[in-house]
Amino acid sequence: MTKLKAGAASTKPGWPGVFALGIALRRTRMARRISLRVLAYRVGIHPAVLSAWELGVRAPKLEDVARLLGCLHVKKAEYQGIIEIFRQIDGPTLIEPVSDIAYPLLWHYEMTATRIFEWAPALVPNRLQTADYTQAILNNSLLSEDEASRHSLACAARPNIVNGCPSGIFTFFLGEPALRSVGGTPQVMLDQLRYLQKVSELPHIKVRVIRGDASTNLVPPFSIYESTRTGATTIVHQNLHGVVYDAEPKSAGRHLSTAKAIQAKAASESDSMRMITATIDQSRLH
């Protein structure tokens, strides 16, 4: 367990723990319907400072967090939860268990990253799944109970990138097996493939496919979020404990190298769309 520190001098902008803490502080304030200016006045700080904390631009000290939570009359359980997030702000890695904070943290990365890379070897990326496709995965027990919970949380962010206004470009790399049925009726997969065609027409979404079944053995699924504002590259993947956000430079470098290798093997966007169209045509014939 990381030791609590009085300050956060070593904390860097762009580290996931700083963003998670800012999100938690803002949600706590908003839940009590207190404006940022009013809370800043009560705590005795400039509103711009509180805003920077909530946005994850700067990290508060432990005593600052305690004063904020005291002014908000936070109960013990909620207080301890936020302090647990504070424990992770002085490092580049955050392990987020399945919880309601995982969704807004993921949303933050999706809305602020400059460039996003996602590798999905065997299934359509959860952010591009139709509701029926997602249900087919869950109904056919293709995911464990814990994986299903995390999968549902991740799928909640789907409307943000498709219908929202993200600042970055999403590039999704799919293994060819992801174009095949995962269960349910053939119509479910047909609708899913058509949806891939539709979203690929959006200017901020690119879809590319890697041919062959061997693509699933390249590396497990992961996402990369790059931000020019913070200069940080964050790797997001899932393990048995929850969603892992990793901004450690060496880890980022390894995943960026892997991403380049995947990109080199992938078909072009136009060829990928032809593959998807061909799969749709084959599905119609059966």
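The protein chain exposes about 14,200 Å², an area found by the Shrake-Rupley method with a 1.4 Å probe. Carbon and sulfur atoms supply 55% of this area. The model is predicted, so local features need pLDDT of at least 70 and side-chain atom pairs count only at pLDDT 80 or more, while totals for chains, interfaces and linings use all residues. Residues are numbered from 1 along each chain as its sequence is written, and side-chain values use heavy atoms, with hydrogens and water left out.

Of the 286 residues in the protein chain, 49% count as buried, meaning under 20% relative accessible area (1.4 Å probe, protein chains only). The chain has 12 helices and seven strands; these are DSSP runs, of at least four residues for helices (H or I) and at least two for strands (E), numbered from the N terminus.

Helix H2 covers residues 36-43, and its buried residues are Leu36, Leu39, Ala40 and Val43. Seen down the axis of H2, they fall within an arc of 100 degrees (taken from the directions from the helix axis to the C-beta atoms), so they line one face of the helix. These residues pack against helices H1 (16-31), H3 (47-55) and H4 (62-71). On the other side of H2, Arg37 and Tyr41 are exposed (over 50%). Just after H2, Gly44 has a positive phi of about 90 degrees.

Arg127 lies in the loop between strand E2 (115-120) and helix H7 (131-139). Arg127 counts as buried because its relative accessibility is 4%.

Notes
Contact means heavy atoms within 4.5 Å.
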